[in-house]
Amino acid sequence: MTAIDLGMPQLGGLDLVPTADDVQKAKDYTSDQEVRWCPGCGDYAVLAAVRSFLPTLSIRRENTVFVSGIGCSSRFPYYLDTYGMHSIHGRAPAIATGLAISRPDLSVFVVTGDGDALSIGGNHLIHALRRNVNVTILLFNNRIYGLTKGQYSPTSEVGKVTKSTPMGSLDHPFNPVSLALGAEATFVGRAMDSDRKGLTAVLEAAARHRGASLVEIYQDCPIFNDGSFDVLRRPDDSESRVIPVVAGQPITFGNEGRWAVVRRGFGLRVAPTAEVAPEDVVVHDPADLELSFALSRLSDQELDHAVFGVLRQVDRPTYDDATRAQVQQAVDGGGDDLIGLLHGRDTWTVRDGAVLPHTTTGDSAR
Amino acid sequence: MNSAVDVVTDEVRKRHRVVIRFAGDSGDGMQLTGDRFTAEAAAFGNDLSTLPNYPAEIRAPHGTLAGVSSFQLHFADYDILTPGDRPDVLVAMNPAALKANAADLPAGGVLIVDTDEFTPRNLAKVGYATDPLEDGSLAPYTVHRVAMTTLTTSALAPLGIGKKEAERSKNMFALGLLSWMYSRPTEGTERWLREKFARRPEIAEANVVAFRTGHAYGETTEAFAVRTEVSPAVLPDGTYRQVTGNTALAYGIVAAGQRFGLPVFLGSYPITPASDILHELSRLKRFEVTTFQAEDEIAGIGAAIGAAYGGALGVTTTSGPGLSLKSEALGLAVMIELPLLVVDVQRGGPSTGLPTKTEQSDLLQAVFGRNGESPVPVVAPSSPADAFDAAVDAVRIAVTYRTPVLLLSDGAIANGSEPWRLPDAGELVATPVAFQSEPNGPDGQFLPYARDTETLARPWTVPGTPGMEHRVGGLEKADGTGNISYDGDNHERMVRLRQAKVDGISVPDLEVDDPTGDAQVLVLGWGSTFGPIGAAVRRLRAAGHAVARAHVRHLNPLPANTEAVLRSYRRVVVPEMNLGQLAFLLQGRFALPVVSVTKVAGLPFGAAELEDRLQPHLTDDERIEVPA
């Protein structure tokens, strides 16, 4: 996978996290709490994938933290036997930022949904991405508000009829991948809840990425938005829609690779492979921002196409590493101690009822 | 020039105290001028108290009333309590400054004006039909007409710097003149100017020359022949420095981090008048202080909570509107019971209100302003220097009881300054926090919500501790295990436990100052009204009134003896810079009558003003009757 080196040490996302002594299993990551999602909820599949993928990271369980906001998916931390915080609506990226800055020895995950991350918490999401804080963000996108019983979300398609939009929703949805790329994300991936293999691969790459990783996970809400991604699941429909991308590989898909992605102006289009020259088929490069963005635009609200895999990955200094480096530099640089700080440069002394001449110390580190 | 300080031939008049107000356009550098004069007074050993007063606009239209910025300094040879009611000396750098401030100058006061700015255009801008320098309206004052701008620019002409830059140095001319008039030491200011403009030596030189020119002008001009001297103040033994409230508060946070062995993590979003705490702490990284300028107020507190979960001293700093935004996250901190310091430097409200003016109107928001039964300890410093101790004390409560604590400063404390008796090393003994790293329940189980029997604090266990993995969150916790619980009985128990924990916080008793021991009236204050109340009570006592006073630092929980103290007086009067929020709180808590004396004009109570407001409550016997 191509990566741009901007001068930072080549650390992986988990390289400062202590490794586990023993081989771990999914069971080790399973808490004693009863899982309370609706039957058929896509969250179950994601939870199972996460429980089985975490042991493969070979890091200590106690150095793993899941921070979530509010919504169905945000119950996630309770079901994992790691450290965790089920926080407040939309704020998980901010909380995770403070934790990640102060604790380089932790692997910090954020679990959020389309309402949590893109509506009430939109600000925190884009700033966590642009700062490139070393956190892995799992964005469960079911295109609906589930926990509040079925209102449309910022990823719902225009015209969505819900309890709060009986005549159809009016606002244009976000494309989370496009949004993340616009927010200067250094890692953006997408996966389907039911695709255990693809989901695991993207999650692992995200966790090992040093910096902020966003993984959009398409996920069904069987109660309030049932079948929302069926066109990407049913073999007949998905054949011409699902576009998996792999770094360094030409982007072809469908039965026997009969579809190909080729350039059109500044963007991309899908064409029958037989009708294009092999050299015109786009080769995936996660370091090419323009390509990543064009790929994200192939996924529209009608789901005529949806790109899966690691759409973007580049190395860029992370905010938390840089912050700690500044503090360390200042600590190493020394200077006055606490008493010296409090005294500052100009003091005077009163003793036995008399004012002694004031003293001025030389230039301090201030 | 340097020898000027030692000139002994001029006439010197001794004064116990002087109040000077510098007033000019918001671009004239009045705050900086006042700061320097303050530093000179501190270096001289005076007691002092300051009151900056500036508009919310960075540069309001030049020469307008809206753009007037002022800085008042009270310095004395004894312990003073307020920045002074009315100036003895007003320096007015333009007609707008004169118009905005003249009413405060008492008859006989000294007025120094920059005549160069009294042009027809500038006079018209602020509605002077005639030139006050000519029309006799300033007759009650001793007026010094000084062409400060031209004197400055001609003195700087040999330096060859631009006219605009030269004119900008006129504030240093004013400072030089005042330094002469009040026999201030000058070396500190010259050194400070050279350091401040170290990268632009020509500007440093210009300012030093302007400063010296003003000083020499005073020395050689007959009108200023009489110098005034204010001797050093003999304060209690100790080593002192001058400090502003925001700086003292920032230092208190650093000291608290060291004391409890915790790295400090500040998550903050810039807001007036709290930003200087962020600025100060961002320069103190060498004390293991991390500052994070967040994308908004909510992220500021969110990141601080995240850092606290990781084992840092989480801090967030803000002002009223920011506190409103942080409310939900503060509730989360109450629920997950982690230490957190939330600093609210109060300003005029509601909404954006008066960003640069002081007020105490966030008290009820601090105590109650969250959804649900959400008790948060509240601590308030009483003066700029006290902000240090208050911050350390607030962190003590947060760490000991595993709770967010609100520290309520205000604009007057934040930007005001005074001498600070420095703590010595013995007062800064380290008592590191012990994180829970061993199971505390039966069968080797870890119970994140099991409580210390004395403090009711829950264990603080940080990620990375093996075998103690647990989840916290905003949903109601089952007593002990901390698992989600929707059980009504459990909720009732947890609500009462959280309340009992805060109610049980150990805070010192209220101390009453009642020198004659027979006072019938208690004046009770909190926060920055400490100085004005003290000064007003001094005046009342000097006039023969018996009056007691007490000051509340811990607003939640209140000191255990509060009710007993209040009930031991026939009348309790509570002056506040709001519409009676502490009074409301006391009446609600203790069902006893309280007289509220309030002001919300953006400035602290003056000593004489408060004396006048308190007087009727001391003498009106009919009103003093307490209903049965």
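**Exercise 1. Describe how much area domain 1 and domain 2 of chain A bury between them, and which residues contribute.**

Domain 1 of chain A and domain 2 of chain A bury about 1,000 Å² between them, and carbon and sulfur atoms account for 57% of that area; buried area is the accessible area, taken with a 1.4 Å probe, that two parts lose on being put together, summed over both. On the side of domain 1 of chain A, A:Ser178, A:Leu181 and A:Arg190 supply 45% of the area buried against domain 2 of chain A, more than any other three residues.

Before going on, note that this is a predicted model, in which local features need pLDDT of at least 70 and side-chain atom pairs count only at pLDDT 80 or more, while totals for chains, interfaces and linings use all residues. Residues are numbered from 1 along each chain as its sequence is written, chains are lettered from A and ligands numbered from 1 in the order in which they are written, and side-chain values use heavy atoms, with hydrogens and water left out.

**Exercise 2. Locate the two domains of chain A and characterise the contacts between them.**

Step 1: with contact meaning heavy atoms within 4.5 Å, 14 residues of domain 1 of chain A touch 11 residues of domain 2 of chain A.

Step 2: between domain 1 and domain 2 of chain A there are zero salt bridges, a salt bridge being a side-chain nitrogen of Lys or Arg within 4 Å of a carboxyl oxygen of Asp or Glu. The two domains of chain A do have eight residue pairs in polar contact, both residues at pLDDT 80 or more; a polar contact is a pair of N or O atoms within 3.5 Å, where within protein one must be able to donate a hydrogen and the other to accept it, and residues adjacent in sequence count only if both atoms are side-chain atoms.

**Exercise 3. Build up a picture of the interface between chain B and chain A.**

Step 1: 76 residues of chain B are in contact with 65 residues of chain A, and the area buried between the two chains is about 5,700 Å², with 60% given by carbon and sulfur atoms. In chain B, the residues that lose the most area to chain A are B:Arg286, B:Glu295 and B:Arg471, together 14% of what that side buries.

Step 2: the rule finds six salt bridges across the interface of chain B and chain A, and B:Arg471 forms a salt bridge with A:Asp81, whose closest N and O atoms are 3.0 Å apart.

Step 3: strand β2 (residues 83–86) of chain A and strand β17 (residues 471–473) of chain B pair in the parallel sense over three bridges, and B:Arg471 in β17(B) is the bridge partner of A:Gly84. Strands here are DSSP runs of E with at least two residues, numbered from the N terminus, and two strands pair if DSSP finds at least two bridges between them.

**Exercise 4. Find two cis peptide bonds in chain B and place their prolines.**

The bond from B:Thr272 to B:Pro273 is cis, with omega near 0°, and B:Pro273 sits in the loop between β10 (264–268) and α10 (275–282) of chain B. A cis peptide bond also joins B:Gly349 and B:Pro350, with omega about 0°, and B:Pro350 lies in the loop between β13 (340–346) and α13 (363–368) of chain B; helices are DSSP runs of H or I with at least four residues.

Notes. Domains from an automatic or database assignment.
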